[in-house]
Amino acid sequence: MKRDYRIDQIKKKTLNLIALNGSMDSIRTKDIANAIGASEATMFKYFDSKADIIESVIKDYVQSRPLNFPTDEITELGEFTEALHKILDFTFDTSVHRNRNVSLIIQVSLKKHPVSRWNYKNLQDEIWSFIENRIEYGKQHWGFDKSVDSGIQARLFYYAPLMFYIQMELLGGKAIEQFDYDEVKKTHIKNFLKILTEGNKR
């Protein structure tokens, strides 16, 4: 069996087992080995531990995020708005694949595992720096309020819909009330641009 296939198989089975059991703490390396139809010794040819597998799963997911924007090429407000829509399209991706990965990242982050810091740094480099940069550009070219704190606003833009998504999709909120995610995205972007234009006026 090819090495790449076996590694991919181990990672997929691990993620499936965590999703099935509801917690990464509830599975053992023996469970993963059984799921791939091999011995633990075979599994340890590719990974040092369960933690090593989980870290690899998270890094694969983070590096697959389609959110790298050519910052200097986005010079029109409409282009910036389109980029914001793409960020929210990813945020509100409700596929099983995304749900499982987000759930795993939450579990790892609660344990303050080093990979959670790595994920945070990736968000900083990939999303927040882009939004901050374009907010500062917008202060000069799009009429954004110069008093707006671009660092705070960039993070609020990302985390507000993410927490909404987590509540609805992972914590059962959707069973109580449902929202049209397209409408949520439009409302969030409209409110965000209003803050950038008007600042924190009272």
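Buried means under 20% relative accessible area, exposed means over 50%, and partly exposed lies in between, using a 1.4 Å probe and protein chains only. With that in hand, welcome to a predicted model, in which local features need pLDDT of at least 70, side-chain atom pairs count only at pLDDT 80 or more, and totals for chains, interfaces and linings use all residues. Residues are numbered from 1 along each chain as its sequence is written, and side-chain values use heavy atoms, with hydrogens and water left out.

**Confidence and overall layout**

- Nine helices and zero strands make up the secondary structure, where helices (H or I, at least four residues) and strands (E, at least two) are DSSP runs numbered from the N terminus.
- Confidence is lowest in helix 1 (residues 3–21), with a mean of 85, and highest in helix 9 (residues 181–198), at 96.
- The C-alpha trace spans about 60 × 40 × 25 Å along its principal axes.
- Of the 202 residues in the protein chain, 44% count as buried.
- Taking contacts (heavy atoms within 4.5 Å) between residues at least 6 apart in sequence, 71% join residues at least 24 apart.

**Salt bridges**

- Side chains of opposite charge can pair when their charged atoms come close.
- The count here is 12 salt bridges, each being a side-chain nitrogen of Lys or Arg within 4 Å of a carboxyl oxygen of Asp or Glu.
- Lys 12 and Asp 8 form one of them, at 3.2 Å from N to O; the two are four residues apart in helix 1, which means about one helical turn separates them.
- Lys 12 is exposed at 51% relative accessibility, whereas Asp 8 is partly exposed at 33%.
- Lys 11 pairs with Asp 60, the closest N and O atoms being 2.4 Å apart. Lys 11 lies in helix 1 and Asp 60 in helix 4 (residues 50–63), so this pair ties together parts that are 49 residues apart in sequence.
- Within that pair, Lys 11 is buried, at 13% relative accessible area, while Asp 60 is partly exposed at 38%.
- In helix 9, Lys 185 and Asp 182 sit three residues apart, about one turn of the helix, and their salt bridge has its closest N and O atoms 3.4 Å apart.
- Lys 185 is buried, with a relative accessible area of 10%, and Asp 182 is partly exposed, at 45%. Salt bridges that share partners join Asp 89, Asp 182 and Lys 185 into one network.

- Thr 29, Ile 32, Ala 33 and Ile 36 are the buried residues of helix 2 (residues 29–36). They cover an arc of only 100 degrees around the axis, so they lie on the same side of helix 2; the arc is that of the directions from the helix axis to the C-beta atoms.
- The cover over these buried residues includes helix 1, helix 3 (40–43) and helix 4.

**Helix 4 against helix 7**

- The axes of helix 4 and helix 7 (residues 114–141) come within 10 Å and cross at roughly 5 degrees. Helix 4 is therefore roughly parallel to helix 7, a term for angles under 35 degrees.
- Axes are lines fitted to C-alpha atoms, for helices over the stretch in contact, with angles running from 0 to 180 degrees between N-to-C directions.
- Residues making this contact include Glu 55, Ile 58 and Lys 59 of helix 4, and Val 115, Trp 118 and Asn 119 of helix 7.

How values were computed:
pLDDT = per-residue confidence, 0-100. Parallel < 35°, antiparallel > 145°, perpendicular 65-115°, else oblique.
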